[in-house]
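Dear colleague,

I am passing this structure on to you, and my notes on it follow below. Please look through it first and then read on.

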Amino acid sequence: MQAVIVLEDGSRFPGKGFGAMGMQVGEVVFNTSMTGYQELLTDPSYHRQIVVSTVPHVGNVGVNSDDPESEKIWVAGFAVRSISPVVSNWRSQATLDEYLRKQNVIGITEVETRALVRHLRTRGVMRGVIAHGEMADDTQLLLWEAQRWSGMDNLDLAKEVTCQAPYVWEEPIDPAWYSDTTTSGMRGHIVAYDFGIKHNIMRLLTARGFRVTVVPATTTAAETMSMNPDGVFLSNGPGDPAAVTYAIDAIREMLGQVPMFGICLGHQLMGLALGGQTHKLLFGHRGGNQPVRDPESGKVTITVHNHGFEVTAGSLPDDVTVTRVNLNDGCIEGLRCDRLKAFSVQYHPEAAPGSHDALDLFDDFVALVESVHARS
Amino acid sequence: MPKRTDLKTILVIGSGPIVIGQGCEFDYSGVQACKALRREGYRVVLINSNPATIMTDPEFADATYVEPLTPDMLRMIIERERPDALLPTMGGQTALNLAMALYNNGTLADFGVELIGATAEAIDIAEDRKRFKEAIAEIGLTSAISEVVGTLEDALVAADQIGYPVLVRPSFTLGGSGGGIAYNVEDLRRVAANGLSESPVQEVLIEQSVIGWKEYELELMRDRKDNFVVVCSIENIDAMGVHTGDSITVAPVQTLTDRELQRLRDMAKLIIRRVGLETGGANIQFAVNPADGSVIVIEMNPRVSRSSALASKATGFPIAKIAALVAVGYTLDEIPNDITQKTPASFEPSLDYVVVKIPRWNFEKFKGIDSTLGPQMKAIGEVMAIGRTFPEALQKAICGLDIGMYGFGSTDYEVQPDMLSVPTAQRLYYIASALRHDKSGDSVSSISNITQYDPWFVAQLRNLQLEADILRTYTLPMVQEMYAENGGGEAFWRLFKQLGYSDKFLAELLKTDELSIRAERKKHGVKANFYRVDTCAAEFEAFTPYLYSTYERDCEADPSDRKKVIILGGGPNRIGQGIEFDYCCVHACFALRQLGYETIMINCNPETVSTDYDTADRLYFEPLTFEHVMNVIDTEKPDGILVQFGGQTPLNIAQQLHDAGAPIWGTSIDAINIAEDRESFNSFMAQLHIPQPDGRIARSPEGVMAAVDEIGYPVLVRPSFVLGGRGMAICYTRESLEAVLREDIAWDGKPVLIDRYLEDAFEIDVDALADGTHVTIGGIMQHIEEAGVHSGDSACVLPPYKISYYYLDQIREYTERIGLALQVKGLFNIQFAIKDDVVYVLEVNPRASRTTPFVSKATAIPLASYAAQIATGKTLVDLGFMDEPHVNGFFVKEAVLPFRKFPGADARLGPEMRSTGEVMGHASSFGHAFAKAQIAADMLLPTSGTVFISVNDLDKSAVSKLARDLHNLGFTLLATEGTADFLERQGLPVERVKKINEGTPNALDAMRSDKIQLIINTPLGGQAHDDSIAIRSVAYQYRVPITTTLSAAQATVQGIKALHNKPLKVRSLQTHHAVNGRVS
Ligand SMILES: Nc1ncnc2c1ncn2[C@@H]1O[C@H](COP(=O)(O)OP(=O)(O)O)[C@@H](O)[C@H]1O
Ligand SMILES: Nc1ncnc2c1ncn2[C@@H]1O[C@H](COP(=O)(O)OP(=O)(O)O)[C@@H](O)[C@H]1O
Ligand SMILES: [Mg+2]
Ligand SMILES: [Mg+2]
């Protein structure tokens, strides 16, 4: 059945629908990863975003129960060039079409995705509507819906994706998939803020011998500190970091009291708590091939990205070091403040999907937690 | 980290002649490496025995040695040039092996030469299968269970333990040469015996088979800061058991989840570190069990490879160039990505399209061989296509193969189950037929089970057949009527074009002609648009116009309004049309660019320099069919199109392009037609009063027999319009002629040519330039073998060494007469034969020829470049090229034949071309030049030992002189009865050996036990003589130098004499031509 993406600037990208029928607004973004659509769909950071996949064939390997990064699909819609007519993989349990339909998410295929991506690249990400069914023909209506939506700026989405109550995560990483060394033996207690946390982060922390308590985004510093954490972890998540004021306050309060590690939105929030600013990028970084350089060692890592905002260069106090820089556009990709025993990265060392090249950041966190332990 | 400044001179080793498993991809990588290193200010010394390469053009290195690739020669070169470092990773297995030999024999240490790009230790771990497996186990990964054995008995024991089927893989061979699969004890005896004899160290690996698992390749790059990237991941559609070089492959990987792919990536990282490859590119192959995802590591190539060339073309990431730069100390982040300009080379390309590679085989030229595909590579070339989806890319690739197929299922076959289960060159097309006729609902799973293709691919293929089936029930008028009523014409055509159906295929399905389809779809606005290969899935702007066609509405071609010329390439390499033509295309590009034209290259061969994105100003990676070329012409609107450089392929579509209004530059279509069409050519020669062998044209077997009654035996029979003598045969008798007419010729209305075969004639090749008013000869080459041995398979020498001035002048005069009469504008090539005082013309090729690069190397005259300039309107006077160049010393070209890869093929040379490549030897005397060429072609001329002589009666008296010479040189003579009697009567001492049918020990046993160092064997005229077939095939297997013609034997003796007189010396082309007063 007919389907379409209509952007706020009036451009129209028709295709055929799959998954659920209906209409959904969102910010239209593109992702250049060539594998891992199931992980991507279930990444809460994509909440309220309509994701365009640049790799043409999607759905080839179906879906399974191991690969989701959260409990459900978060994307507002999914656009591909060619959805696979069949599924072929030994782990597959269902088709992508069924998966989207079951979770009531709209998909669109046979879209001229490259044209759409080039459009977004030059004009920036924008609001749009994905529609599947009769209303796909009603461009006026869809355009109006797109323009009516307020968009992502100043939107606190962490609140919408976070867990309702604290819980303990116990499942470690499956060593079949990671040559990464896992350690047993208890190394301490980590409180992980869930701004949209991905399963793999919790698995990697657990595998390193931490007890992990996941807490809602709104948890206050006092509540967290009362759990006696040996470290605090700030997760990835969707939306405008500047809008998550309560978390920035909590982080500011905890900084220096407890070792802290942030990823993605967690990194931006840490940047804000340290006194910096954030701003929105034209079309963001979403993909698995971004080169990030450590200016100290000169080492380059191929990293997985999913962010539309960045910490503004020059906005940070002197005792905060920029530890990672994006080689494509100079964007700040990592921060460290030794005095406050905190560090963060803008990208996704937990991968899923993408390269495992940055897993050692979790070891850095272990080292940081242990060094503080040793001193006390 | 900046580049190293402690290095000044770097030695680069090329890969030598084109052979199966080592094609022109190494010219592409070598050119990139040389260019990159020189741009960095290093002095580059290059050695490669292959004169057809672009890398051996003197401007690509500071000192270029076209010399045999042997440790001795390299030592001489190193001694003279004193390089600081040796880069061994650009010249395939050949260069790695040579580098290791130089390391092991102390040459590198003696002259203080450092290996860069890969250390000796890293090469050794990666190349030694046993050490590699140990390393794999050490890092906790799995490789196939195996055992190294040195005897047949041990092989049988090992196979019993491992369990059948087993793989036999000889150590230290190229392209899996001598390997095979054994399903039982009998197989193993045969395969292991062959493998043991193929291995230079008499060692094979008996290995657990994982046939049917999925095969994947990762192309990696690492720098000295341990920065690591995966440039490309490639999925083989043919499962494990079919060599990656013989597999249809796809990028990016289609049937792995992210977890599975990342696991392979993690493993690759561990492996490259463990092997210790610090600075450069590598390729690692994995097998993945489709049932449970378990992984086995197959091998690692610590160098650039065929796959890395493919990956470079598939992604826009120039692996060889970057590998060269990291080898001299750069880190990936310091090297810019040429395509985006803004981003560095330390990233992993993201593809928003699909790339399909299909190998190109030439089995039809090797009767009697095993043409099933297996762990040993057999393909000669490959085609690559880019599409937005797999079906589109696949169908484009099929069109690009130039084998008469124009889509998936364009030819129908009656399919038996074993045609699907046994991998062959045709299997893809058999699958098409199977899918077409299997109407059951589960054809995907049944065909997937039997072919071991992943169901995902089979489903895509089935969809193509379903769509085609629907179309088959329509005609074009019915389709027109349908959308006249309901609209949707655009959607209709776009759907099929997006699936990659060619106009020609659609025309067949809808029972009309190609042009009607083209017109109809364009009427509905459905025309090809072009997208850019940008390394980044459109995330950044692409500055390099590297384009592919697709049928979406957006178009990124963005043509300029400059004066521009399109150069048509040659498509996939095949026997008869290989690297030589790419050489010419590249030169045409360079020349026109220099004249200020925008150059536009169209080609679909990923191995070539012409498809490097910085060779032409704009690169269209497209099949060389009328449709695809016209699409580019419609978009670019060029001022001219050059068809004379890419071999026969562009000529074959020249008429259609011309009819469609395309501006063909250079020699006119009419002249091309005269030369190509035998009837008009015959009358044209008659008009010019130039003799030709008596010939006729027939269109039926009866017609042939009638013609032969007039001409008389022996005759040469061949279909017209072919390159490389496909389907050509010499017949001495009625019976053999009838057999050829029955078995070798498809009677499809195309004419068959019958010529009187000139026995024992000298053959001469001429390459010349003409501009309409003048003709200047570039070079006259005398063939070593007589006419009847295809010019591509015959050795030849420039200048001629045995032809009198009288004939040479006649040849010059004929060449001029023909060039002017045809109004050639550019290059042309003529083959002459001299017999009984008459000079005959055998054929005229109105285009660049296979020998163009060879002549250019010998004369330092850039013939192809001049030809391109002439095509733009320049004259020979403008170019200052009015005199035939004088050649100092002798340049010998020798052909390299693939018989060792094809046991069972008759190695006797004939009019059908079968060589895959060539080498050149040059020296001041003919003997030395010939000896060098032989050595370079891996025919090490012996200077002592035993020569086995077995010649036909006609040759006996002539051979006695050679036998005497060899005897005087200290050789022992060995012969079978007849020849022995004859030689003894001449007063020569001869040892006797039994004929093969006289029992053992016979000549074959003597060869096998290393008692024979040289063979002179001329078979009886025309008769397929079992004895000599066996002798030739064992000779190839055991690498005993063999000559099958008397003229070659004479040259060989001259070569041996020369080696006795004086040792070989080396000289760079730059020195040679400077000495001879030519600027290079
Ligand atoms: N254990 C095995 N079982 C089945 N097929 C194999 C096995 N090992 C290799 N092969 C097949 O043989 C081919 C050649 O083997 P490879 O190790 O890559 O040698 P080469 O050096 O010739 O490339 C592979 O591409 C693969 O298809
Ligand atoms: N009439 C002939 N007599 C002897 N040899 C011939 C004759 N015609 C062709 N040949 C041999 O066959 C080879 C191939 O023939 P040619 O016409 O050049 O075809 P191709 O197009 O394959 O180059 C020549 O190189 C020559 O050795
Ligand atoms: Mg291999
Ligand atoms: Mg010829």
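**What was found**

On the surface, B:R80, B:K1062, B:K1065 and B:R1067 come together in a patch of positive charge. Please keep in mind that the model is a predicted one. Of these residues, B:R1067 sits in the loop between helix 37 (1046-1061) and helix 38 (1069-1075) of chain B, and B:R1067 is partly exposed, its relative accessible area being 32%.

Next come the metal sites. The magnesium ion (ligand 3) is coordinated at 2.2 to 2.7 Å by B:Q285, through OE1 and NE2, and by B:E299, through OE. These two residues belong to distant parts of the chain, with B:Q285 in strand 13 (residues 280-288) and B:E299 in strand 14 (residues 295-301) of chain B, 14 residues apart. B:Q285 is buried, at a relative accessible area of 7%, and B:E299 also counts as buried, at 18%.

B:Q831 counts as buried at 9% relative accessibility, whereas B:E843 is partly exposed, with a relative accessible area of 24%.

The remaining notes concern salt bridges, of which the count over all chains comes to 91. In chain A, the side chains of A:R101 and A:D97 meet in one of them, at 2.7 Å from N to O; both residues lie in helix 2 (residues 96-102), 4 residues apart, which is about one turn of the helix. A:R101 is partly exposed at 46% relative accessibility, and A:D97 is partly exposed at 24%.

In chain B, a salt bridge of 4.0 Å (N to O) joins the side chains of B:E598 and B:R562. B:E598 is in strand 20 (residues 598-603), while B:R562 is in the loop between strand 18 (546-550) and strand 19 (564-568), so that the pair links parts of the chain 36 residues apart. B:E598 counts as buried at 6% relative accessibility, but B:R562 as partly exposed at 39%.

B:R718 and B:D755 also form a salt bridge, their closest N and O atoms lying 3.3 Å apart. Because B:R718 is in strand 25 (residues 715-719) and B:D755 in strand 27 (residues 752-756) of chain B, the pair ties together parts that are 37 residues apart in sequence.

How values were computed
Residues numbered from 1 in each chain as written. Chains lettered and ligands numbered in written order. Predicted model: local features only at pLDDT ≥ 70, side-chain atom pairs only at ≥ 80, totals over all residues. Heavy atoms only, no water. Patch = residues over 30% accessible without salt bridge, like charges linked within 9 Å, V, L, I, M, F, W, Y side chains within 5 Å. Areas by Shrake-Rupley, 256 points an atom, 1.4 Å probe, with all protein chains shown as cover. Lys, Arg positive; Asp, Glu negative; His and termini not counted. Charge placed at Lys NZ, Arg CZ, Asp CG, Glu CD. Buried < 20%, exposed > 50% of the residue type's maximum accessible area, 1.4 Å probe, protein only. Donors = N, O, S within 2.8 Å, 3.2 Å for Na, K, Ca; no water.
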